[in-house]
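Have the viewer ready for selections by residue number.

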Amino acid sequence: MSFANALALDTSDREQLSARGLDQSGVAVALAKPIKAMRLIDSQRSLDEKALSDLISSPRPAPRPLETVKSSECLEALASPSLRMIAGPASAATPRSPLHPYEPNPMIAEAWDSLRKSLVYFRGKPVGTIAALDPNEEALNYNQVFVRDFVPSALAFLMNGEAEVVKNFLLKALRLQAWEKRVDCFTLGEGVMPASFKVMQDPVRGTETMLADFGEAAIGRVAPVDSGFWWIILLRAYTKSTGDFTLAEMPDCQRGMRLILSLCLAEGFDTFPTLLCADGCCMIDRRMGIYGYPIEIQSLFFMALRCAKTLLKPELGGKEFIERIEKRLVALSYHIRTYFWLDFQNLNNIYRYKTEEYSHTAVNKFNVIPDSIPDWVFDFMPMKGGYFIGNVSPARMDFRWFLIGNCVAILSSIATPEQASAIMDLVEARWADLVGEMPLKISYPAMDAEEWVIVTGCDPKNTRWSYHNGGTWPVLLWMLTAASIKTGRPQIARRAIELAEPRLCKEGWPEYYDGKLGRYVGKQARKFQTWSIAGYLVAKMLLEDPSHLGMISLEEDRKGKPVITRSASWTC
């Protein structure tokens with residue numbers, strides 16, 4: 001039977017094969033035999049009407065289950081995971097076009113070639129990918145392996161069945177975590193993960209060493225809060241993709257997770273379950289007014305906690321951390337869903353807030369002054385739709401849109417299904433603002449004039465509609481695609497990819513684009529930016545095989561729904 005006919009097997013047929021005791025290799029033999037129960041599916045039938053959970057059946061056995069993703073709708077007429085295993089992982093030399101399975105796709109082939117050229121080797125083994133490989137620009141720190149930058153590369157390799165580089169990266173980052181970390185006379189926390197590392201070669205002695213940056217060489221000298229979270233998320237993705245629990249169960253990996261958790265679960269003076277951060281502590285690594293409780297960090301924090309909960313073993317203090325994680329997840333989900341969420345009704349409520357309320361029954365809990373609401377929000381907010389705002393702290397709400405925080409909120413399920421759907425409604429309703437002519441805006445709107453002077457300190461790189469100040473970043477395609485699939489709306493991702501494809505490869509895979517519509521290659525953008533390449537590949541592979549979503553998405557934990565109780569400080 002041809003591969004095209006094999007795609008026509010429905011779920012019940014595959015279950016019949018499984019019931020007969022056929023393994024993956026036996027399926028190919030069984031497909032050649034007449035099966036009376038086989039039914040051909042109309043090739044025109046859209047899989048959008050089927051459940052995504054039907055596609056997401058793990059092809060590899062695992063000692064214990066991890067959380068899987070599900071959605072109410074599925075998306076493309078594509079191969080099931082079992083058939084994908086029969087055909088084998090996609091090859092860099094022969095990438096397949098989703099529309100023409102047997103014709104090479106030149107853009108994808110070039111993307112894979114560029115991604116492989118960016119690989120960094122340490123003592124003969126691949127350990128990551130450099131940030132950019134632009135032959136026309138000075139390397140600066142773009143020749144280093146950044147933890148957050150490697151994530152889309154790692155996902156691309158995992159989806160392509162190449163897990164070795166991801167495993168090596170996870171182990172090398174873990175070894176670097178154990179280093180002593182000093183900035184001037186101050187020692188950083190033991191659990192801090194590096195922002196980046198570089199392989200140093202000594203041709204005279206014939207040796208290789210690693211040099212890590214924990215923030216002491218970064219702009220503003222800010223430690224990367226997100227690195228540890230991405231490391232845990234990627235460890236879970238590796239485990240989910242390969243079925244290999246031995247890596248996560250290694251004593252070193254267990255200790256590494258506990259050290260990260262010790263930093264972010266430490267008790268202090270906080271009255272909120274959110275994580276207090278400095279400006280420039282994540283992808284937005286320059287002064288942009290995100291200090292306090294930025295939504296990007298809170299969403300990553302929530303997702304890392306949920307991933308760690310599935311990976312930690314009860315032994316050696318793991319049980320205590322699991323209990324602390326469960327308590328924090330309940331408080332964090334309630335806080336984010338309640339106080340960070342903005343839709344038309346909530347905006348109207350804030351607009352009518354009274355101030356200086358002093359009691360346990362206060363409605364305006366953070367004493368936000370209604371006059372501080374920027375004018376643009378009233379026009380930006382559609383009647384149908386909503387999003388998690390950028391920051392909430394005493395007397396301050398940052399109403400800006402940040403894509404990473406909202407997409408990760410969907411993937412981690414800190415957003416309820418209704419909120420996730422509303423976020424996608426907002427993207428569609430404000431497509432011209434958030435996508436424009438090249439996806440996707442990292443933040444919206446851009447700061448200008450006096451606001452730009454005060455907030456950024458006259459940063460020449462973060463001028464209006466450039467870089468992190470409303471700039472356009474193609475790498476974010478993979479996040480939007482994953483969020484679109486999870487919410488059952490893949491057409492949003494397809495539309496964004498179709499916008500990007502005619503220009504990305506032709507213009508040399510730029511780091512970012514400038515302009516309100518994202519029309520111009522960024523004034524300081526590097527070409528052949530690795531995560532622009534990897535983000536595109538991951539987006540394409542997710543659309544071709546939605547079962548990959550299980551690596552980077554978590555179902556809503558209904559057991560962890562918060563129970564509202566009266567404050568212990570309440571007095572009658």
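**First stop: helices 20 and 21**

Select Pro490, Ala493, Arg494, Ile497, Glu501 and Leu504 in helix 20, which meet Tyr536, Ala539, Lys540 and Leu543 in helix 21. By class these residues are seven nonpolar, no polar and three charged. Contact means heavy atoms within 4.5 Å; Ala, Val, Leu, Ile, Met, Phe, Trp, Tyr, Cys and Pro count as nonpolar, Asp, Glu, Lys and Arg as charged, and the others, Gly among them, as polar. This is a predicted model, in which local features need pLDDT of at least 70 and side-chain atom pairs pLDDT 80 or more, while totals for chains, interfaces and linings use all residues. Numbering starts from 1 along each chain as its sequence is written, and side-chain values use heavy atoms, without hydrogens and water.

Angles run from 0 to 180 degrees between N-to-C directions, with axes fitted to C-alpha atoms over the stretch in contact.

**Second stop: helices 10 and 11**

Select residues 251-264 and 295-311, where helix 10 and helix 11 pack at about 145° with axes 11 Å apart. Gln254, Met257, Leu261 and Cys264 of helix 10 meet Phe301, Leu305, Ala308 and Leu311 of helix 11. That contact has seven nonpolar, one polar and no charged residues.

**Last stop: the whole chain**

Colour by secondary structure to find 21 helices and 15 strands; these are DSSP runs (helices H or I, at least four residues; strands E, at least two), numbered from the N terminus. Residues 24 or more positions apart make 71% of the contacts with a separation of 6 or more.
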